[in-house]
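We will go from stop to stop, selecting a few pieces at a time.

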Amino acid sequence: MKAMMLTAPKAVSPEDVDMPEPGPDETLIRVTKTGICGTDLKIFQGGIPVDYPRIMGHESVGEVISGGNLAPGTPVIVDPAYYCGSCYNCRDGQTHLCPNGGLIGRDVEGGFAEYMVAPSRNVHALPKDMDPGVAPLIQPMTTCLHAQRKANIFPGEAVLVYGLGVTGLLHVQLAKAHGAYPVIGVTRSEWKRDLARELGADFTFAPGENLKEQILEVTGDKGGVDLVIESVGQLPILAEAIELVRLGGRILPFGIYTQTQGELPFYNLYFKEIQVVNARVAKPEDSPACVDFVERGVVDLKPLITHNFSLDEINKALDMLDGGDSSCIKIILDHAA
């Protein structure tokens, strides 16, 4: 089969490899669409280490070929967080933190190929009428839902989402679904601010010197937002979040930080008694919940997809992301094109 193989940082090329064979409790899937994630980009750049060679890709949908309990031909999405099921964390319901587990596409071969295998318990059926072109976005949506469940958003709480890329725009929609008000989006990009408002944001602002003043104006005597979701992954913005959250508020550092050191206003973190809520990957129950949100129209995925490429054009897509192309939100790879 054809696979896009990462052999070194920023080196991806097509190779002919043996088709994977499903083992016990595994499912063989013909991959039809895969999204490119920020994690894929950081693996591609070398910021997240992997063993080379590696087939990346963890936002994959396709159809069952064999194995598992789902009939051949069933449209499915793959939850990429695999786990052992027997360690302390798994027994405690924290399968996403399993020390014996990992991420498909990072620790084992992923979905940038014609076929892939996955643990059958990680393979979830999709509604037959769901658009496969948007379905890969359900995977990053599961990580947002898991994070917001940990942050425990209550109706009427003010939520600020800093960074309006894929996950930021998903956080906006999920925060609205949880009853937050106002939901505030912050980004430099004017067209992304417009899109965030179309998707439910009550206010959108550009970052800058008057951002705190604008936040205080829309949150009144709270003196800041109840929750800041930092979806950029930059320490200076995390530091800014500490200034924008109210006394006793919460910060969700959702972006992935690869830095090993940096500066933060630690005294304010203490003085304001801010809770820092960390979240990693997602739990098994988040996938069916997100499928339901999309099926009922609670979350709209289609506006987030800005580019479609064939699997053969993966280097073009990765170069676009690596170069920080401002027109790009989400890229979907079509394996049949």
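At roughly what angle do the axes of helix H3 and helix H9 cross? Before you look, keep in mind that this is a predicted model. Now select residues 138–151 for H3 and residues 286–295 for H9: their axes cross at roughly 110 degrees and come within 9 Å. H3 is therefore roughly perpendicular to H9.

Show the side chains where the two helices touch. From H3, pick Ile 138, Met 141, Thr 142, Leu 145, His 146 and Arg 149; they meet Asp 286, Ser 287, Ala 289, Cys 290, Val 291, Phe 293 and Val 294 in H9. Coloured by class, this contact of H3 with H9 shows eight nonpolar, three polar and two charged residues.

Stay here for the core. The largest nonpolar core contains 45 residues, and Ile 138, Met 141 and Leu 301 have the most contacts inside it. Elements giving two or more residues to this core are H3, E11, H4, helix H5 (190–198), E14 and H9. Click on Leu 301 next: setting aside residues up to four places away in sequence, Leu 301 touches Val 134, Leu 137, Ile 138, Met 141, Leu 170 and Val 294. A second, separate core has 25 residues, including Leu 6, Phe 112, Ile 314 and Leu 333.

Next, switch to the sheet. Six strands make an open sheet with parallel pairing, and you can trace them in the order E13-E12-E11-E14-E15-E16. Which strands lie at the edges? They are strand E13 (203–205) and strand E16 (275–276), each pairing on one side only.

Zoom in on strand E11 (residues 159–162) and strand E14 (residues 225–230), which run parallel and are joined by four bridges. Here Tyr 162 stands opposite Glu 230 in E14.

Helix H4 (residues 166–177) lies across E11, strand E12 (183–186), E14 and strand E15 (245–253), and runs at about 170 degrees to E11. Helix H6 (residues 211–219) packs on the sheet too, touching E11, E12, E13 and E14, with its direction at about 170 degrees to that of E13.

For the last stop, select helix H1 (residues 38–45) and helix H10 (residues 314–322). Their axes come within 10 Å and cross at roughly 95 degrees, which means that H1 is roughly perpendicular to H10. Leu 41, Phe 44 and Gln 45 of H1 make the contact with Asn 315, Leu 318, Asp 319, Leu 321 and Asp 322 of H10. By class, the contact of H1 with H10 divides into four nonpolar, two polar and two charged residues.

Conventions
Residues numbered from 1 in each chain as written. Predicted model: local features only at pLDDT ≥ 70, side-chain atom pairs only at ≥ 80, totals over all residues. Heavy atoms only, no water. Axes fitted to C-alpha atoms, helices over the stretch in contact; angles between N-to-C directions. Parallel < 35°, antiparallel > 145°, perpendicular 65-115°, else oblique. Contact = heavy atoms within 4.5 Å. Nonpolar A, V, L, I, M, F, W, Y, C, P; charged D, E, K, R; others polar. Pairing = 2+ DSSP bridges. Core = buried A, V, L, I, M, F, W, Y, C linked by side-chain atoms within 4.5 Å. Buried < 20%, exposed > 50% of the residue type's maximum accessible area, 1.4 Å probe, protein only.
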